[in-house]
Amino acid sequence: MNAVFAITESAVQRLSPSPYAPEVVATWMANRSPDYYKAACAAGAVWIAELDREPVGYSQGVPGEILRLFVASQASGRGIGRGLMKKALAQALQRALVGGYTQPVQETVPSTTRCVRVSSSLGAVCFYQKWGFREVARGSVPGREALPAIEIVRMEAEFPL
């Protein structure tokens, strides 16, 4: 969880001054500590990428959603994000467990595709577009009422089952 926190912090630093103002980046990690990531790490739900035996990126998906994908600034541009995206997508395309039984994420209409969602930082929109995601809404990270807003782009893509 310390590595995940450090990777996030490193990745966020390269987001200033564009596409986020310095005051946004300076407060990005304000309500987080390594413990913020403890449950996901303890559950084995986070994939960590290493470069020369050093953690440099991580991702996490749940059925129907990519929750997190960050690559440390010093490892950017080396294909690490692509590998982590494959892991997160595999998690997002899994079926959900309901009452101990495997159930489709969307149970209303049988389909040959599954919708996957992600809330993207402004700097990652192009990355997700390369994977077929499209913008469906804009918003901001919740729980930051006393802090500068972090604008995000909500995106979706359909993937074959």
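Reader: Hi! Let's start with arginine 138: buried, exposed or partly exposed?

Author: Happy to! Arginine 138 is partly exposed, with a relative accessible area of 46%. Keep in mind that this is a predicted model.

Reader: Good to know. Which residues does arginine 138 form salt bridges with?

Author: One is glutamate 151, where the closest N and O atoms are 2.9 Å apart. That pair links distant parts of the chain, since arginine 138 sits in strand S7 and glutamate 151 in strand S8, 13 residues apart. Glutamate 135 also forms a salt bridge with arginine 138, with 3.0 Å between the closest N and O atoms.

Reader: What do the shared partners make of Glu135, Arg138 and Glu151?

Author: They end up in one network, joined by salt bridges that share partners.

Reader: And why do glutamate 135 and glutamate 151 count as partly exposed?

Author: Glutamate 135 counts as partly exposed because its relative accessibility is 41%. For glutamate 151 the value is 33%, so that residue counts as partly exposed too. The band for that label lies between under 20%, which is buried, and over 50%, which is exposed.

Reader: Thanks! How many salt bridges does the structure hold?

Author: Three. Besides the two with arginine 138, the side chains of arginine 117 and glutamate 156 meet in a salt bridge, at 3.1 Å from N to O.

Reader: Where in the chain are arginine 117 and glutamate 156?

Author: Arginine 117 is in strand S6 (residues 113-121) and glutamate 156 is in strand S8 (residues 151-160). They are 39 residues apart, so this pair links distant parts of the chain. Arginine 117 has 39% relative accessibility and counts as partly exposed, whereas glutamate 156, at 16%, counts as buried.

Reader: Strands keep coming up. In what order do they line up in the sheet?

Author: Six strands form an open sheet, in the order S1-S2-S3-S6-S8-S7, and the pairing is mixed. The edge strands, each pairing on one side only, are S1 (47-51) and S7 (134-140). From one strand to the next, the twist averages 25°.

Reader: How many bridges join S7 to S8, and how many pair S6 and S8?

Author: Six bridges join S7 to S8, and these strands run antiparallel. S6 and S8 also pair in the antiparallel sense, over nine bridges. Methionine 155 in S8 is a handy landmark here: it is the bridge partner of valine 118, and glutamate 135 stands opposite it.

Reader: Nice. What about S2 and S3, which way do they run?

Author: S2 (residues 54-62) and S3 (residues 65-71) run antiparallel, joined by six bridges. As one example, serine 59 has leucine 69 in S3 as its bridge partner. Helix H1 (residues 2-13) packs on the sheet, touching S1, S2 and S3, and its direction makes about 95° with that of S2.

Reader: Switching topic: which residues have the most contacts inside the largest nonpolar core?

Author: They are Ile66, Ile80, Met85, Val116, Tyr128, Phe133 and Met155, in a core of 22 residues. S3, helix H4 (80-92), S6, helix H5 (125-130) and S8 each supply at least two residues. H4 gives the most, with six residues.

Reader: What does isoleucine 80 touch?

Author: Leaving out residues up to four places away in sequence, isoleucine 80 touches Ala49, Leu51, Val56, Val71 and Ala75. There is also a second, separate core of 17 residues, which includes Val12, Val25, Tyr37 and Tyr58.

Reader: Last one: serine 120. Where is it found, and is it buried or exposed?

Author: Serine 120 is found in strand S6. Serine 120 is buried, because its relative accessible area is 1% and the cut-off for buried is under 20%.

Reader: What does the side chain of serine 120 reach?

Author: The backbone nitrogen of valine 125, at 3.3 Å. Not counting residues up to four places away in sequence, serine 120 touches Val125, Tyr128, Ile152, Val153 and Met155.

Methods. Residues numbered from 1 in each chain as written. Predicted model: local features only at pLDDT ≥ 70, side-chain atom pairs only at ≥ 80, totals over all residues. Heavy atoms only, no water. Pairing = 2+ DSSP bridges. Helix = DSSP H or I, 4+ residues; strand = E, 2+ residues; numbered from the N terminus. Axes fitted to C-alpha atoms, helices over the stretch in contact; angles between N-to-C directions. Contact = heavy atoms within 4.5 Å. Salt bridge = Lys/Arg side-chain N within 4 Å of Asp/Glu carboxyl O. Buried < 20%, exposed > 50% of the residue type's maximum accessible area, 1.4 Å probe, protein only. Core = buried A, V, L, I, M, F, W, Y, C linked by side-chain atoms within 4.5 Å. Polar contact = N/O pair within 3.5 Å; in protein donor to acceptor, adjacent residues only side chain to side chain.
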